[in-house]
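Me: I have just opened a new structure and would like to learn how to read it. Could you walk me through it, feature by feature?

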Amino acid sequence: MLKILEKIPDTDPLAAPEQRAIIDDILERNKDVPGATMVVLSELQSRIGHISPAMQAYVAQKLRVPLSEVNGVVSFYSFFTTQPKGRYIFKFCLGTACYVRGTPQLIDKAQQVLGIKLGETTPDGQITLETCRCVGACSQAPVAMVNEDIHGRIRPNKLPQIIRRYQLKQKNGKDEA
Amino acid sequence: MKFYRSHVLVCVDPECLAKGAHDILDGLQDELVYQGLIDEVQVLETSRIGGCANGPEIVVYPEGVHYVGLSVDQLPFLVEEHFLKGRVVESLLAKEVKRADEELGPPKPKEVRVVLRNCGKIDPENIEDYIAEDGYQALGKVLSEMTPEQVIEEVLASGLRGRGGAGFPTGRKWQFCRSAPGSPKYIICNADEGDPGAFMNRRVLEGDPHSVIEGMIIAAYAIGASRGYIYCRAEYPVAVRTLNIAIKQARNLGLLGDDILGSGFSFDLEVRMGAGAFVCGEETALMASIEGKRGEPRPRPPFPAVKGLWGKPTNINNVETYANVPQIILKGAQWFASMGTEKSKGTKTFAIAGDVNNTGLIEVPLGITLREVIFDIGEGIKGGKKFKAVQTGGPMGGCLPEQYLDMPVDYESLTAAGSIMGSGGMIVMDEDTCMVDIARFFMEFTQDESCGKCTPCRVGTRRILEILERICDGHGKDGDIETLEMLCQQIKATSLCGLGQGAPNPVESTLKHFRHEYEAHIYEKRCPAKVCRGLIHYRISDNVCTGCMVCARNCPVEAISGERRQVHYIDPDICIRCGICQQVCNFNAVEVY
Ligand SMILES: Cc1cc2nc3c(=O)[nH]c(=O)nc-3n(C[C@H](O)[C@H](O)[C@H](O)COP(=O)(O)O)c2cc1C
Ligand code: FES
């Protein structure tokens, strides 16, 4: 038994029965798939939202691969994160089309409005700022993706309204737009 | 089967989704039910080709009427007028001149649709639609009339070359894999499309997934492979969903699985998702990723055809390469080879983006000139500005200036000019673009995406980036250009994979064609395009400013002071030169100098 699994932090998804059931289900369904590590980690990231150190150890144990390999994969791909992110993830596209049409200015503005830097999450755990590569909506440049929504042709002075919309959404307890 | 008198196609591209295409879909359904038309009119989702600038939009067939700029409250009127009373609603019609309109109708004069022929025309989630357009006929022909060798012969004779970057002859690749010893053999479709500004593969995957699947089954038969993977980037969730639906439907009809169409040939397919690593587009890194490992490339040879996925012979091609195959089999190698140039046959899709009037997706015969693409199809530069350069081939490509506009677009010409074909991204830049800044941008990209396995790429790109950043910040010094040239050569010669070997290309091509801009930055401390923040200043012109406060409110660092109706002032010590004030000013009162 890996040491880290002997003492799982209370806040870890593995310590929450519902999330644990999801994790077990993902492992069970995929354990015999060739190249299972990537498949399992992708699903964990999208269903749980992050892959904690304890979860990595758990995956390594269940799939019978070295923990170093699982950790190596998690750290290699930018989609995998080891810490939870905000409810709304603002990803500003830094693809070429968006870059030349003004993403850097948008990022400045967003950092100013939210008072956080790229890669950080607001203290209330609601909004995370990130960048991403081309999302394939270049004709709408500059583009920002908020979770699954795509916002195009954003002008810096319109950005606060967009941010505000998401802040209100969460205040009203409504998740769906 | 139900008979519908009309079909409504609703565009669900990201662009349109962002503008509420889902509400239009639901609203249309509701309204058709309400007006008692739901048994006569079918609502379908579609993936449109090119700019959805005026979305949300729909097309009504059989008339082919194209409505744009819809909102939910217009739907009751639209449904009543169009479907009940049979009258076209003029006010919502797409404007004649818009390319968006013609994209669904006949292609532009210079366009030839082979790969994109079905996109926007058929329901990608319905295999019957594809079959109605001669889908899976090529597969039937291959399985019943042709030997694997004959299939390879046909593809060889067509002259088809890989559409994923390097342009290797596809038939030859298949031959190698067929003759390689070992089993099982694997087929992989590279749908990682990582080049920023490129979205050709996405359209095909979302708009016509079966053409790719059919091409893969044919390739599998030719090579003798029993299992296939489509490696799709995680940024394309819609494509992954569409592919999974298509695979399931093909399986249900016996087009995938055991004993396909009673021929005794068995093959199955699954989708694997990437996780945001650009280098995974490189074939050996991609295979490592499917195996569940870090996506690090390895040296070739051995080539994948000999030693690929799990050490077995593997054929890997791009989405567009496979999508061409069924057409080649059906219409013959001769037909395909009649398009294009002597060495580059067929058509190629390009994603045109940047400072051009008509951005979007096109498919043209190879050999067309850059001028035709940018000025005839793209309708020239936005805002009447001057053309400066076009960047082709993504982060490993190059920037070509005006004198190359009449060059034919084919593999050899682009390489000779210092760029590459790449996967087909084309970014047009106007006179306001700083080429040093662009080189820096691409270097930042490759530096960030370098997997770190080999030193020239990991450290070399970092060194180049540092120098470029220094030049852009106004601290360039004598000798920088020579150091850059030396670094470029060394990285190219010694890197492990195509990422490092291609990474210096944007720097080399800008050094070659826009050397004067580098010199202006270094020796005159001047950015000719007025882009580089370290070399420019903003000020507000006294006699134009109306004192409206807009710039002051939008300044991210509160560098602008001034009362309402009084001329504002930018404090140069606080200003970070982001240019937001200039963008938001309604009176053009902000100047750069
Ligand atoms: C860094 C790097 C990134 C690449 N990205 C892609 C890609 O996104 N899509 C693709 O089809 N090929 C990509 N390639 C090319 C592949 O390695 C490979 O040559 C191609 O998939 C072969 O298919 P084709 O013969 O049909 O072109 C990339 C190569 C390198 C070096
Ligand atoms: S570059 Fe931003 S969507 Fe393509």
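Me: Let me begin with the sheet in chain B. How many strands form this open sheet, and in what order?
Reply: Keep in mind that this is a predicted model. The general idea first: strands of a sheet pair through backbone hydrogen bonds, either parallel or antiparallel. Here, the open sheet is built from five strands of chain B, ordered β10-β9-β13-β11-β12, and their pairing is mixed.

Me: Why is one side of β10 and of β12 in chain B left without a neighbour in the sheet?
Reply: β10 (360–365) and β12 (398–401) of chain B are the edge strands, each with a single partner strand, so one side of each has no neighbour in the sheet. From one strand to the next, the twist averages 30 degrees.

Me: Now for a single pair of strands. How many bridges join β9(B) to β10(B), and do they run parallel or antiparallel?
Reply: Strand β9 of chain B, residues 347–354, is joined to β10(B) by six bridges, and the two run antiparallel. To find your place in this part of the sheet, look for T349(B), which stands opposite E363(B) in β10(B).

Me: Let me turn to chain A. What is its make-up in helices and strands?
Reply: Chain A has eight helices and four strands. Read from the N terminus, its elements follow the pattern α-α-α-α-α-β-α-α-β-β-β-α. The C-alpha trace of chain A spans about 55 × 35 × 25 Å along its principal axes.

Me: What is the strand order of the open sheet in chain A?
Reply: Its four strands are ordered β2-β1-β3-β4, again with mixed pairing. The twist averages 25 degrees from one strand to the next.

Me: In which sense do β1(A) and β2(A) pair?
Reply: They pair in the parallel sense: six bridges link strand β1 of chain A, residues 88–93, with β2(A). One position to look up is K91(A), whose bridge partner in β2(A) is E130(A).

Me: Which protein atoms lie 3.3 Å, 3.0 Å and 2.9 Å from an oxygen atom of ligand 1?
Reply: Look at both backbone and side chain. A backbone N or O atom of G194(B) is 3.3 Å from a ligand oxygen, and a backbone N or O atom of E283(B) is 3.0 Å from one. N317(B) uses its side chain, with a polar atom 2.9 Å from an oxygen of ligand 1. On its own, ligand 1 has 610 Å² of accessible area, and the protein covers 91% of that.

Me: Which residues does E270(B) touch, leaving out those up to four places away in sequence?
Reply: E270(B) belongs to strand β7 of chain B, residues 268–273. Its contacts are R227(B), G228(B), Y229(B), I230(B) and I247(B). Take G228(B): it is 42 residues from E270(B) in sequence, yet their C-alpha atoms are 6.5 Å apart in space. The side chains of E270(B) and R272(B) are also joined by a polar contact of 3.2 Å.

Me: Finally, the backbone angles. Where do cis peptide bonds occur around P301(B)?
Reply: The angle to check is omega. The bond joining R300(B) and P301(B) is cis, with omega about -5 degrees, and the bond joining P301(B) and P302(B) is cis too, with omega about 0 degrees. P301(B) sits in the loop between α12 (283–290) and β8 of chain B.

Conventions:
Residues are numbered from 1 along each chain as its sequence is written. Chains are lettered from A and ligands numbered from 1 in the order in which they are written. This is a predicted model: local features need pLDDT of at least 70, side-chain atom pairs count only at pLDDT 80 or more; totals for chains, interfaces and linings use all residues. Side-chain values use heavy atoms; hydrogens and water are left out. A polar contact is a pair of N or O atoms within 3.5 Å; within protein, one must be able to donate a hydrogen and the other to accept it, and residues adjacent in sequence count only if both atoms are side-chain atoms. Accessible areas come from the Shrake-Rupley method with a 1.4 Å probe; for residues, only the protein chains shown count as cover. Two strands pair if DSSP finds at least two bridges between them. Axes are lines fitted to C-alpha atoms, for helices over the stretch in contact, and angles run from 0 to 180 degrees between N-to-C directions. Contact means heavy atoms within 4.5 Å.
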